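Good morning, and thank you for coming. Please look at the sequence and the structure as I bring them up, and keep both in view while I speak.

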Amino acid sequence: MSWALPLLQKLVPASVFESINLCQPDPTTDPAEAGKYGIVIRDGSTGKVKIRHQFPSIRRINHKKTKNHLSKDLSVQYGKRLVDITVRLDDDEVTAHFADGTQETGTIIVGADGGVSQVRRWLLGDEAAQEVLPCQFMNFSFSLPAEMAQWLDESLGPTVEVAAHPRNIYMGISLLDKPDATKPETWLFYILAAWALDDSTDGESSGSQLSKLRSRMYDWADPFKTIVEKLPDDTLIRQDQLRIWHTKAWNNHQGRVTLIGDAAHSMTFHRGQGGNLAIRDAYELFNKLVLVYNGESDRETAIDTYDRGAFLRGEEVEISRQCTMAFLDYKNMENSPVYQLGINPAMEF
C-alpha cells in the first residue's frame, strides 16, 4: 500500500490504523524508510538498479494478517458461495442466496469477492469472464534453513526485490511473514515469476514447475539465482495463471448491487495498484453511502455516481497489463508505464 494509506486511515477506527503495522510481514518495518527505499527494479543478469520508484510511505502487507486485523468485531461468515441474487423492485430490499441454502437480505449487495467474483458473474454473465495473459506464471511461498533465511532477509530491501532479465523473465522476491523473529527457519518468503510462453511443456506437478524455474536461473544475479537453487526440492508450486478483467459497465439494479476492488477491476500486480484502488473504491463508496444516510442523496443516484468512478478506475487494468508485458519484453521496457508512472495513481477518480 502506498498512495491509498491516507484514505485507509479515514476509513477505519484510529486504533485499527495505529496498529496497522501488525499486518506487515515484519511489524517493525518503518513505512517511511520503506518509502525512501522504494520499489527497486533491477537488471536480473547483473543485479544493478534500473529504476527506483520512491514514495513518502509504503507498507507491504500480509493478506491473512490484514483480513484478521480489519475484521475484528465484525461478523464474517466464511465458507459461503453465492448462487443467486433476488432484486425486488416493489421494495428496497435485495437478497443474496448461498449454496448451503441460507440467504441474507439487505438494501445493497457489494460484490467484494475478488477477481472471479460471483456477484460480477450474476450482473454480467459471460462478460464477467477473466482474460488469461499469455505467459507462464509462478506464485509460491517457501521457508529456508536458518542461516540461508537470515542471508536472504539481509539481502532484501524493506519492500520487494524485483528484477527484469534480458531473456524476458520477471521475478520478485519478498518477505511474507516472520512468525518468530528469533527463529529464521520459521520465516516465510515469497516468489513471483513470469515469462512469455515459449513452449507447450507446462507441467502439472510441483517438481516439474520447480525444475522449469531452475532451468531459467543459470545467468541470474543474486539473491535470485542462489535462492532458487537452494529451494527445497519438495517446494509446492501449483499451476497458475495471470488473469485480468477489463471493467465493463454493469446494471446496478437501481442502486441495489455494485462491485468493488478486484471484482470491479481485476489487474496484475506489476504496478502495485490493486490494493490501493480497492481502498479508493471503499473510500468513495463509503462517502456516497454517508450522503444517503444523511438524506443528501437517494441510493440510486449515489450508487450510479460511485459506479461511474469505479468504471473509470478500471482504466488501470490495461495500464497494469502493459506493465506486465513490458517485464517480458526487456528491450522495450523503458517505454512502458512501469517507467513513466512508477507506483503513482494513473488517474484521479
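Predicted model: local features only at pLDDT ≥ 70, side-chain atom pairs only at ≥ 80, totals over all residues.

I begin with two helices, α9, residues 274-293, and α10, residues 299-313, which pack at an angle of about 165 degrees with their axes 9 Å apart. An angle over 145 degrees counts as roughly antiparallel, and α9 is therefore roughly antiparallel to α10. The crossing of these helices, α9 and α10, is right-handed. On the α9 side, the contact is made by Leu277, Arg280, Asp281, Glu284, Leu285, Lys288, Leu289 and Val292. On the α10 side, the residues are Arg299, Ala302, Ile303, Thr305, Tyr306, Ala310 and Arg313.

Let us turn to the aromatic residues. How many aromatic pairs does the structure hold? There are six aromatic pairs. One of them joins Phe140 and Phe142, with 6.2 Å from centre to centre and 45 degrees between the planes, and this pair is tilted. Are these two residues, Phe140 and Phe142, buried or exposed? Buried means a relative accessible area under 20%. Phe140 has a relative accessibility of 3%, so Phe140 counts as buried. Phe142 is buried as well, because its relative accessible area is 3%. Elsewhere, Phe137, Tyr170, Phe269 and Phe327 form one aromatic cluster.

Rings also meet charged groups here. The charged end of Arg52 is placed over the ring of Tyr37, at 5.1 Å from the ring centre. Likewise, Arg120 has its charged end over the ring of Trp245, 4.3 Å from the centre of that ring.

Where does Thr235 lie? Thr235 is found in the loop between α8, residues 224-230, and β12, residues 243-244. Its relative accessibility is 6%, so Thr235 counts as buried. Although Thr235 and Phe140 are 95 residues apart along the chain, their C-alpha atoms are separated by 8.5 Å.

With a relative accessible area of 2%, Val338 is buried. The C-alpha atoms of Val338 and Gln322 are separated by 8.4 Å, and the two residues are 16 apart along the chain. Which residues does Val338 contact, leaving aside its neighbours within four places in sequence? They are Ile41, His53, His270, Cys323, Phe327 and Met333. One of these contacts, Phe327, has already been mentioned as part of the aromatic cluster with Phe137, Tyr170 and Phe269.

Thank you for your attention.

Terms used. Residues numbered from 1 in each chain as written. Heavy atoms only, no water. Phe/Tyr/Trp six-rings, centres within 6.5 Å; stacked < 30°, edge-to-face > 60°. Buried < 20%, exposed > 50% of the residue type's maximum accessible area, 1.4 Å probe, protein only. Lys NZ or Arg CZ within 6 Å of the ring centre and 35° of its normal. Axes fitted to C-alpha atoms, helices over the stretch in contact; angles between N-to-C directions. Helix = DSSP H or I, 4+ residues; strand = E, 2+ residues; numbered from the N terminus. Parallel < 35°, antiparallel > 145°, perpendicular 65-115°, else oblique. Left-handed = near helix turned anticlockwise from the far one by under 90°. Contact = heavy atoms within 4.5 Å.
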